[in-house]
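Please look at the sequence and the structure below. The text after them goes from the whole chain to single residues.

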Amino acid sequence: MTFAETVAPSLSGHVLVAAPTGGGKSYLVGALIEQLDHAKKPYVILDTKSQNHIGLWVGKNRLKKLHLFRCFPDTDLTIDDYKKMLRENPRLLCIPTTDTEIDHLIEEYKKILKAVQNLKLPRHVIVEETHHYCRSPQKAIPEIEWIVREGRGYKIWLWSITQRIQSFPKDVWANGMWTYIMHMRIRHDVDYFDDALPDGEDFRIVNEELKLHDVLQLDQISGKYQIIKAAEVTRKTQHFG
Ligand SMILES: Nc1ncnc2c1ncn2[C@@H]1O[C@H](COP(=O)(O)OP(=O)(O)OP(=O)(O)O)[C@@H](O)[C@H]1O
Ligand SMILES: [Mg+2]
């Protein structure tokens, strides 16, 4: 099976991508976004770093229809402004400038989430560092909860990317359908996933099989999982992260 065939079913559904820093989350997500782009599915990427996903937008193999939105320290748009932006740009990469403060960025991104909710148009909403949108390890903000609860009916799918799985609300994850994880280094992180595998499978053992940048793909509905080797994660665009 090619990478494209392996990941195709996960392009419909909510997705969690979790791994420690440097694990390969953004690299994988970039590869998945290429598949979305190829399938002409509309998406918006809410990135928290200025360079992380910029390789999708620049370079010889860039995604040609991708529009870039930069959030400056003084950017203050309304939900209606963002609705217009989303309508006009079905492929949108949002990034901060290097001097945009994270709290300000997240306030603007919350308005984009609200705009997605109000528009009710199909969209993959790709959220880097989802822990910024959680009030506590138990509670995501209403904009995230809405997508997880109601998004399916409108083909609005949440891709949550996090390196702090302990701060990720379990009920959001329980509503997820597809999980991509890389090798976990912390015992508590391993325990978090242990319940998810079918009876008789032990995530501690599976985790040990995962080499650097290998990915475990878990279908939470069927409980089936497979390992995608690092070399099989292929992308045409560059990754600067
Ligand atoms: N499958 C892969 N094959 C080759 N290189 C990879 C692969 N996955 C990741 N890398 C490389 O590993 C490094 C870290 O990857 P990446 O930026 O995706 O990590 P991350 O999990 O997003 O980290 P952070 O939490 O810091 O954002 C990058 O240099 C990337 O190019
Ligand atoms: Mg990253």
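Predicted model: local features only at pLDDT ≥ 70, side-chain atom pairs only at ≥ 80, totals over all residues.

Residues are numbered from 1 along each chain as its sequence is written, and chains are lettered from A and ligands numbered from 1 in the order in which they are written.

The chain holds eight helices and 11 strands. Both are DSSP runs numbered from the N terminus, helices being H or I of at least four residues and strands E of at least two. The C-alpha trace spans about 50 × 40 × 35 Å along its principal axes.

Of the 241 residues, 38% are buried. A residue is buried if 20 or more other C-beta atoms lie within 10 Å of its own, exposed if 12 or fewer, and partly exposed in between, with C-beta atoms placed from the backbone. Two residues are in contact if their C-beta atoms, placed from the backbone, lie within 7 Å. Among contacts with a separation of 6 or more, 76% join residues 24 or more positions apart.

In soluble globular proteins, nonpolar side chains tend to be buried together. A nonpolar core is a set of buried Ala, Val, Leu, Ile, Met, Phe, Trp, Tyr and Cys residues joined through C-beta atoms within 7 Å. The largest one here has 63 residues, and Val 44, Cys 94, Val 125, Ile 126 and Trp 159 touch the most other members. Helix 2 (residues 25-38) gives the most to this core, with seven residues. Leaving out residues up to four places away in sequence, the contacts of Cys 94 include Val 44, Phe 69 and Tyr 109.

Strand 9 (residues 178-181) runs antiparallel to strand 10 (residues 215-219), joined by four bridges; two strands pair if DSSP finds at least two bridges between them. Tyr 180 stands opposite Gln 217 in strand 10, and Gln 217 has Gln 226 as its bridge partner in strand 11. Strand 10 also pairs with strand 11 (residues 225-228) in the antiparallel sense, over four bridges. These two form a hairpin with five residues between them, and Gly 223 in the turn has a positive phi of about 80 degrees.

Most residues other than glycine have a negative phi. Lys 120, however, has a positive phi near 55 degrees. Lys 120 sits in the loop between helix 4 (102-119) and strand 5 (123-127), and counts as partly exposed because it has 13 C-beta neighbours inside 10 Å. Glu 129 also has a positive phi, of about 55 degrees, and lies in the loop between strand 5 and strand 6 (134-136).
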